[in-house]
Amino acid sequence: MDRRALKIPFTRENTPDWHCPRCKKGLLRFVEGQFHAEERKDSKDAHNHEAWDPDWIEYVYSGLLRCTNESCSECVANSGTGGVGIDFEIGDDGEPEQTWGDYFRPKYFEPPLYLIDLPNGCPKSVSEPLSESFRLFFSSPPAASNNVRIALEALLTELGVKRFNTKNGKRIFLNLHSRISLLPEKYSELADLLLAIKWLGNAGSHADSPVTIDDVMDAYELIDHVLQELYTQKAKKAKALAKLINKKKGPKGDV
Ligand SMILES: [Zn+2]
């Protein structure tokens with residue numbers, strides 16, 4: 001995950017290397033003539049204010065992106081906000097010069113960008129809330145974080161962890177922390193990672209510690225590792241090999 005490309009604002013001269021959500025190989029670039037930015041009404045009206053400075057400017061923008069991989073050419077709709085900030089350019093005399101430049105922050109991509117790779121074997125109950133999280137990532141990190149938590153609950157269910165205890169015929173639902181502690185022994189090495197994801201999500205439930213874009217990216221990196229461990233062919237092969245060696249209590253020999 002290229003954190004810088006996802007985090008910093010971009011300029012018209014420099015589009016970040018967002019990866020195509022369809023082929024995952026090409027990069028997305030704005031289609032010529034399909035990027036439109038306009039200054040908002042209140043921002044325009046504020047120009048008359050005596051203390052006005054260019055960094056008061058607020059834009060909205062929309063644009064159409066296309067994948068650079070010619071055999072794919074997927075199109076992605078994108079919109080967001082923008083402003084004007086101080087830039088430095090090297091002047092004719094070779095000295096840095098202060099200038100004002102437009103910058104933009106993406107809020108929505110449709111279809112959403114894939115911020116981590118979801119392995120083919122990953123169950124839908126886990127991949128769907130993660131895709132929803134990717135859709136919300138730029139516009140609302142706390143909502144994106146909530147969907148990571150939903151994915152985490154679904155993952156525990158997929159790994160055979162019960163959701164509730166039954167007492168006097170009533171269901172008592174277990175909280176996420178208790179469920180992680182009930183992970184079957186064979187997944188014990190994943191428990192620390194899952195617990196860390198849970199703590200990152202918890203930050204959002206307290207008003208004094210809002211979930212940041214960095215927290216969500218941390219959670220993605222952790223869950224990415226967990227999914228790779230569980231659902232890629234490479235991980236499955238390694239596990240099958242370990243099982244075979246353990247069964248023979250020695251090298252597998254020629255099979
Ligand atoms: Zn593509």
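Guide: A residue is called buried under 20% relative accessible area, exposed over 50%, and partly exposed in between. By this rule Arg40 is partly exposed, because its relative accessible area is 44%. The model is a predicted one, and the count of salt bridges in it comes to 11.

Let us begin with Arg40. Its partner in a salt bridge is Glu58, and the closest N and O atoms of the two are 3.6 Å apart. This pair links distant parts of the chain: Glu58 belongs to strand E2 (residues 58-67), whereas Arg40 sits in the loop between strand E1 (28-39) and helix H2 (41-45), and 18 residues separate them. Glu58, with a relative accessible area of 42%, is partly exposed.

Asp45, at 41% relative accessibility, counts as partly exposed.

The next pair is Arg3 and Glu221, which form a salt bridge whose closest N and O atoms are 3.5 Å apart. Arg3 lies in helix H1 (residues 3-7) and Glu221 in helix H7 (residues 213-231), so this pair ties together parts that are 218 residues apart in sequence. Arg3 counts as partly exposed, at 23% relative accessibility. Glu221 is also partly exposed, with a relative accessible area of 39%.

A negative surface patch is formed by Glu13, Asp87, Glu89, Asp92, Asp93, Glu95, Glu97 and Asp102. Strand E3 (75-90) and strand E4 (96-110) are the elements that give two or more residues to this patch. Glu97, one of its members, is found in strand E4 and is partly exposed, with a relative accessible area of 39%.

Finally, the chain as a whole provides the setting. Its secondary structure comes to 8 helices and 6 strands. The radius of gyration is 24 Å, well over the 18 Å that the globule rule gives for 255 residues, so the chain is more spread out than a compact globule. Of these 255 residues, 37% count as buried.

Key: Residues are numbered from 1 along each chain as its sequence is written. This is a predicted model: local features need pLDDT of at least 70, side-chain atom pairs count only at pLDDT 80 or more; totals for chains, interfaces and linings use all residues. Side-chain values use heavy atoms; hydrogens and water are left out. Patches are made of residues with over 30% relative accessible area and no salt bridge: like charges are joined within 9 Å, nonpolar side chains (Val, Leu, Ile, Met, Phe, Trp, Tyr) within 5 Å. Accessible areas come from the Shrake-Rupley method with a 1.4 Å probe; for residues, only the protein chains shown count as cover. A salt bridge is a side-chain nitrogen of Lys or Arg within 4 Å of a carboxyl oxygen of Asp or Glu. Lys and Arg count as positive and Asp and Glu as negative; His and the chain ends are not counted. The place of a charge is taken as NZ of Lys, CZ of Arg, CG of Asp or CD of Glu. Helices (H or I, at least four residues) and strands (E, at least two) are DSSP runs, numbered from the N terminus. Buried means under 20% relative accessible area, exposed over 50%, partly exposed in between (1.4 Å probe, protein chains only). The radius of gyration is taken over C-alpha atoms; the globule rule is 2.2 Å times the number of residues to the power 0.38.
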